[in-house]
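Please read the following briefing alongside the sequence and the model. It takes up strand pairing, chain contact, domains and helix packing in turn.

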Amino acid sequence: MKEILLNKSGKKIILLGNEAVCRGAIEAGVDFVSTYPGTPASEIGNTFWQIKEDFKKINPKFHFEFSTNEKVAMEAAAGAAISGFKSLVAMKNFGLNVASDFLCTLMYSGIEGSMVIFVADDPSCWSSAQSEQNTRFYSLMAHIPTLEPSEPQEFKDFTKFAFNLSAQFKIPVMIRSTTRASHQSGPVTLGEIPNSKFQIPKFVKDPKKFSTMPPRVLEMKKELFEKIEKIKKQFEKSNLNKIIYGNSREKLGILTSGVSFLYVMEALKKLNLKLPVLKLGFIYPLPERKILNFLKKLKSVLIVEELEPYLEREIAILAKKENLKIKIFGKGEKIEGGRIWKERKAILPQIGELKPEYVEIAISKILNKKPSFNYQLHLKKFEKLKIPARPPILCPGCPYWAVVNAIKKVVDLQKVIFGGEIGCYMLFSHKVINLQDYLYCMGSSTSIAHGISKTSKQKVITFIGDSSFFHAGIPALINTVFNQSNPLIIILENQTTAMTGHQPHPGVGDGRVVKVEEIVRACGIKNVKVIDQVKNPEEFEKGLKEFLEKDEASVIIARHICALLEKKKKT
Amino acid sequence: MKKDFNLIIVGVGGQGQITLLRILEEAALAENKDFKGSELHGLSQRGGSVEVHFRMGKNILSPLVSQGDADLILALEMQESLRSLYYASPKTQFLLNKLIIPIPGENIVPEDQIINSIKNFTKKIEIVEASKICKEKFQKEVLAGVYLLGYAQKRKLLPLRKESLEEGIKKVVPEKYLVENLEALKLSQS
């Protein structure tokens, strides 16, 4: 039995932030978990994938799946939740973009059982190409109650709380994390795993509940707003919003949440200061009275958060509404007309993750105090060093090397444009490979190629992995047929979702396998080849040459198992 | 322990940094200390630089070690020690595994140049032939990490008991690799 399933209340075990979310869900009695793998959220799926059989012995209703993409995962989790079950869906930041179409609607209807949505952002783009997206703005747009835990113990406790809140108000609840919070490990004190109830809920027909047809949809919006107002009232009293050094007479206070809170406390420890700190457990809806009461005692407040200012904007609006004279320190951007921001200086970055020393420097700057260490001098010394970068590269023995080698041998690299996609093959951007002229999001390589080939008439070779193909590649492929363009699409089929830790996908699942070539043909593509590029490099080269001449879209499926997975399977 | 203990382990993806972090955490848990670890997954693997943080003490807040605040830096690869100088100051002790893994498309930074750069930050430098020793004894370079942990413990640079490290290894390392890991630890103590 895995340690995460131990039913020993009070025992301490070591968990990553993400693993603690799983434990929280287990302690809440979760019935249904769905996800599409994406780092920094991957461990949620990986954990349930490993323990699903053991957990079924505790909760026979339990179902876990890797869904084809995040939208599908969220819809599936909602299906369980509107039938009265407890569901959890997990994804990385960009996954929420994919699922947002559904999320904004689901909030209107709410759910029956309970539903928790876990989303992890990646400040500094440690594991994410694409962008440094700040998911917190979705909370405002979709009106989804959102929690931000700081450390592993809170990840577990907040998740359990989120399930209860969701059940109480029949509304999905989001837990928003960041890389450093999710990939932080520490001791977690376990709670009890409940005995599963044998009663099985059912979907109950009710035309007023889940069908968002006008004019009912506007009533639903009103009901959503009413729920949020009630939740806000509850949040005002909740002890998940904590004040530290509340008796301090200092006139500078700090408002923060998530992993930034830990940096704040570290900085105060280093500076030997006891400034009042309001740590928000909820970032939507904000406990406005609690915040105002905190601010009223202060002359100035430093808002510590990562990426673009979310809390800072909300607090500035709140202060303005209440006519509160308080100086707000935070990010550098001028907002809301700029007038009240005149005296303000940017002291925390909007780009890149925070570090404890950034917060210490910010506090020192405001208070005109010396930091505990000469960070500036040290940084100057450090920046003088010449350190060769060691970016990741395709593994030794990776079957993609054979694709790279064949292309370099037979394709005019100057003339042809190479379209990238999210997966291990985005490492084609490495300077020793250099086969990536653009890279955006999952599913985009082929649709962008279509736009290029329809206008500039340049030839484009696009890459897409098998898991990405199932995720978002199919509509783009159909579009090349429907609207007639001629990219050469290379589907890199390594029979796994390699980059995020070898999760299965529909092409290799335990159940019925969906064959990539059958889908490709069914989409209307006439030129299709399936080649093992490692075993038959010459055939692969020949295929490339032949298809580059075609006036219509063509597909080569490069089928060879991921080298790491092959090794794993053997041992 | 009066002060927090701050450790950084740097190296290249695949050298086992995350396993080492887990061993340290289990050892700290066994001694009833508070601790936090920080690691990165995904893009940072695949042969790229990997850096993990381990902090231990009475009440650990930040999972990240602050700039210049490392007590000990274990470099599993020598060139990677340069990147870790962000965390180094005169109080920092370096233990360097005598190993260079070339970076595709880059020239190798020679050992003396690396040492000179470190000397600008701290004088406390020790080179350990961990990879070489583990290759000779066990035909397995990846054991260098555990060897280095054990070595740090023996040199009193790591405030954890040997028995706790042993316990950590037993909890973290899969059964079939357990004996060699325990032997590497034992060897580092001799």
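In β2(B), the bridge partner of A:S185 is B:G37, and this belongs to an antiparallel pairing over two bridges between strand β8 (residues 184-189) of chain A and β2(B); two strands pair if DSSP finds at least two bridges between them. This is a predicted model, in which local features need pLDDT of at least 70 and side-chain atom pairs count only at pLDDT 80 or more, while totals for chains, interfaces and linings use all residues. Residues are numbered from 1 along each chain as its sequence is written, and chains are lettered from A and ligands numbered from 1 in the order in which they are written. Helices (H or I, at least four residues) and strands (E, at least two) are DSSP runs, numbered from the N terminus.

**Contact between the chains**

- In the contact between the chains, 40 residues of chain B meet 40 residues of chain A, where contact requires C-beta atoms, placed from the backbone, to lie within 7 Å.
- On the side of chain B that touches chain A, α1 (17-30), β2 (34-38) and α2 (80-83) of chain B each supply at least two residues, and β2(B) gives the most, with four residues.
- That side of chain B divides into 14 nonpolar, 19 polar and seven charged residues; Ala, Val, Leu, Ile, Met, Phe, Trp, Tyr, Cys and Pro count as nonpolar, Asp, Glu, Lys and Arg as charged, and the others, Gly among them, as polar.

**Domains of chain A**

- The domain assignment, which is automatic or from a database, gives chain A domain 1 (3-237), domain 2 (242-383) and domain 3 (400-570).
- The C-alpha centres of domain 1 and domain 2 of chain A lie 29 Å apart, and their contact takes 24 residues from domain 1 and 20 residues from domain 2.
- On the side of domain 1 of chain A that touches domain 2 of chain A, the largest share, five residues, comes from α8(A).

**The five-stranded sheet of chain A**

- An open sheet of five strands with mixed pairing has the order β9-β11-β10-β13-β14 (chain A).
- Because β9 (242-244) and β14 (327-329) of chain A stand at the edges, each with a single partner strand, one side of each is left without a neighbour in the sheet.
- Strand β10 (residues 252-257) and strand β13 (residues 300-304) of chain A pair in the parallel sense over five bridges, with A:I254 opposite A:L302 in β13(A).

**Helix packing**

- Helix α1 (residues 17-28) and helix α2 (residues 42-58) of chain A pack at an angle of about 40 degrees, with their axes 9 Å apart; axes are lines fitted to C-alpha atoms, for helices over the stretch in contact, and angles run from 0 to 180 degrees between N-to-C directions.
- α1(A) and α2(A) are therefore oblique to each other, given that angles under 35 degrees count as roughly parallel, over 145 as roughly antiparallel, 65 to 115 as roughly perpendicular and the rest as oblique.
- In chain B, the axes of α1(B) and helix α6 (residues 162-172) come within 7 Å and cross at roughly 125 degrees, which makes α1(B) oblique to α6(B).
- Residues of α1(B) that meet α6(B) include B:I23, B:L24 and B:A27, and those on the α6(B) side include B:L165, B:I169 and B:V172.
- By class, this contact of α1(B) with α6(B) has seven nonpolar, three polar and four charged residues.

Notes
Two residues are in contact if their C-beta atoms, placed from the backbone, lie within 7 Å.
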